[in-house]
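Opened the notebook for a quick pass through this one.

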Amino acid sequence: MSFIITMWEWIKIIFAIVFSVGSITWVIYNYIKGHRLGIEALCQVDTTFTVTCTVCDNTYEVAPRDFLKISSFRIQKTKYVQKGFVGSEQALALQRYCPCPYCKRDELAKFHDVDKVQELDKAVAWPIMIKYAAIGLLPPIIIGSIIMRF
């Protein structure tokens with residue numbers, strides 16, 4: 001057995017590395033773009049949610065553009081707390097940083113209408129994210145499968 005790598009094999013290895021890095025970069029770019037466009041689309045929706053500040057316990061209304069603007073500056077707690085049994089899809093609680101008019105700063109707020117938030121997210125942001133996920137994943141898969149035939 002000879003462990004000598006020919007020039008043609010080196011070219012294939014280098015091409016595979018370049019293709020892999022390019023594909024990963026393309027997928028990450030489209031994920032970020034889809035996420036950004038999804039947030040922009042949600043900010044355009046003209047609806048309000050009822051929230052309660054966790055610091056001062058006051059209840060107030062907040063629009064998506066108010067709490068989604070903050071998400072690029074602060075780490076958001078967007079974890080939905082699910083019901084206590086397996087297979088449940090209904091969320092019980094959601095907390096995010098929102099501008100509190102009483103505290104005069106961004107504080108964690110507890111959403112009262114979590115179902116409305118989930119429905120809006122599924123109706124507006126998910127189609128955009130799915131579109132850009134497909135744009136990000138399909139070309140590398142198709143091109144990679146074509147290249148692997150050679």
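This is a predicted model: local features need pLDDT of at least 70, side-chain atom pairs count only at pLDDT 80 or more; totals for chains, interfaces and linings use all residues.

My entries follow, in the order I looked things up.

I started with helix 1, residues 7-44, which has 38 residues. From first C-alpha to last I get 55 Å, close to the expected 56 Å. Then I listed its buried residues: Ser-23, Asn-30, Gly-34, Gly-38, Leu-42 and Cys-43.

**Entry two: cysteines.** How many disulfides does the structure hold? I find 0. I checked Cys-53, whose closest cysteine sulfur is in Cys-56 at 3.7 Å, too far for a bond. Cys-103 also has Cys-56 as the closest, at 3.6 Å, and that is too far as well. The cut-off I used is 2.5 Å between sulfurs. Cys-53 is buried at 1% relative accessible area, and Cys-103 counts as buried at 17%.

**Entry three: salt bridges.** My search of the whole structure gave 3.

Arg-36 and Glu-40 pair up at 3.2 Å, N to O. They sit 4 residues apart in helix 1, so about one helical turn separates them. Arg-36 is partly exposed at 41%, and Glu-40 is partly exposed at 38%.

Asp-46 bridges to Arg-65 at 3.9 Å. Asp-46 is in the loop between helix 1 and strand 1 while Arg-65 is in helix 2, so the pair ties together parts 19 residues apart in sequence. Asp-46 is exposed at 69%; Arg-65 is partly exposed at 37%.

Last, I noted Arg-105 with Glu-107, at 2.2 Å between the closest N and O atoms. Arg-105 is partly exposed at 48%, whereas Glu-107 counts as buried at 13%.

Technical notes. Residues are numbered from 1 along each chain as its sequence is written. Side-chain values use heavy atoms; hydrogens and water are left out. Helices (H or I, at least four residues) and strands (E, at least two) are DSSP runs, numbered from the N terminus. The expected span of a helix is 1.5 Å times one less than its number of residues. Buried means under 20% relative accessible area, exposed over 50%, partly exposed in between (1.4 Å probe, protein chains only). A salt bridge is a side-chain nitrogen of Lys or Arg within 4 Å of a carboxyl oxygen of Asp or Glu.
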